[in-house]
Amino acid sequence: MMLVAEAVGSYSLSLPSGLVLELENCYYVPRMVKNIISFDLLVDHGFYYKLSSCFKNDIFYFKATPTNGLYVLNLQEKNDEIYHISKRSKDIEVQTYLWHCRLGHINKKRIEQLQKRGLLESFDFKSFHNCESCLSGKMTKRPFNKDNERAKELLEIIHIDVCRPFSHEARGGYRYFITFTNDFSRYGYVYLIRHKSEAFEKFKEFQNEVQNQLDRKIKFLRSDRGGEYLLGHKIQEFDNHLMEYGIVSQLTPPYTPQMNGVSERRNRTLLDMGCEVYVKHTTSEKLKPKSDKCFSVGYPRTTVGYYFYNPSENKVFVARNGEFLEGKFLSLENTRNDVDLQEVEEETTFSIVEPVTQQELVETQPETVEEVQTQDLRRSTRIRQEPDMYLGFLVSQDSEDLNAPLSYGDAAVEQWLEAMKAEMQSMYDNLVWELTDLPQHCKAIGHKWVFKKKTDMDGNVHTFKARLVAKGFTQTHGTDYNETFSPVAMLKSIRILMAISAYFNYEI
């Protein structure tokens, strides 16, 4: 008996699990009593059969009971396993992974919290295998173990590290220093070097001294993967020297300074050195100070005493009598590194501030205009130079190359006036501000026009952009504003709400 198909097309089959199965090339035969789906075609599309159920990508789709050589799918039967996961099943791992995917790939603890809050009915939780999507998008670093291997005797483990190059050379042209730290006693040696390539020679000097003084041998040399150990023509000499003396080199993994924490902390301590101290004069006179305020910078190796730096005379000398201000040094909140960084940031900030002209302020702010005009702004005299990494590439600044105006007075041409009108109209349309009376004893915040030319791929100017910005840097906390707050939402929280809404059929 032949049956005639009246149409061919696609069909969306709604399953009891709540999922939809998209079927292609479906034949519409009205005289057929039952619907037939080719399981071989489902297998070609990634489906597989397991425990009387059909899955795809480890996600349950429907149940199909084997009957007379066919898999029977009952669309009227409600599948409780997909909605009520509290039912015990041999495949709890698959169900757990399904909820993990439905709830935006949340972790095990988050699923357990949802169970405790009653948002999910409790079930026997079983950890599933690693989710490749989570490993690809959310993989984090492993925590570092604080219980590192410690040496049990002197010279068993030596930590070595080269610090910086410094922007200012020390006396003698030194720009680096190298440290050797004994892991057992934490006693360290510091050598000044001009180039990183001198690390090998300094190590041999250090090795000869400590092995002769302590009558012991160095066993392990722990360092990072710096270029002074792995690059250059002396790397083979360094390796041969270690092999000759039976010293095992231990290198930390790339980009893990935490594994070389002994040397990193020693470098930080050296950079933060400089305790204030009053040093007694070798000769004293009546009615004159008996000491000078200096800084402690180290200890001499060949004599008893300290190295002191006198900033007023710009010299380093050795002395024995000094009163250290250790309490003041420990109470300082900012180290010398922080102070240097703040000075650089402050200088950069002043270098980009433009002088304020009268055209940039509204006519209702005569007090602000007068105050800003009389302010003497300091400008940086530093010559700006592109880093060496940009050699051979075209480096340009749009504001300079395109001759964009820097103030309102320079933009008094037709194109910029039209751009400013468009900006003002956009602010009016979007209700950016609300006009109000200025409170007494308060000054309005100034504003400034920022101009920029937009170019196409060939460098031709096609748009003139003008933006009106407020000078927020003139605001004072507690006077002009109390706090800044921007509401944000986590993406996984939105996914959880969407999943719960779909589960309970809520309206969004």
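Author: Helix α8 is followed by glycine 246, whose phi is positive, near 70°; helices (H or I, at least four residues) and strands (E, at least two) are DSSP runs, numbered from the N terminus. The model is a predicted one, in which local features need pLDDT of at least 70, side-chain atom pairs count only at pLDDT 80 or more, and totals for chains, interfaces and linings use all residues. Residues are numbered from 1 along each chain as its sequence is written, while side-chain values use heavy atoms, with hydrogens and water left out.

Within α8, Ile235, Phe238, His241 and Leu242 are buried (under 20% relative accessible area; exposed is over 50%, with a 1.4 Å probe and protein chains only). Viewed down the axis of α8, these buried residues fall within an arc of 125°, so they line one face of the helix; the arc is that of the directions from the helix axis to the C-beta atoms. On the face turned away from that buried side, α8 carries the exposed residues Met243 and Glu244.

The most is given by α6, with five residues. This core has 20 residues, and those touching the most other members are Ile158, Ile178, Phe180, Phe203, Phe206, Ile218 and Leu221.

Note on methods:
Core = buried A, V, L, I, M, F, W, Y, C linked by side-chain atoms within 4.5 Å.
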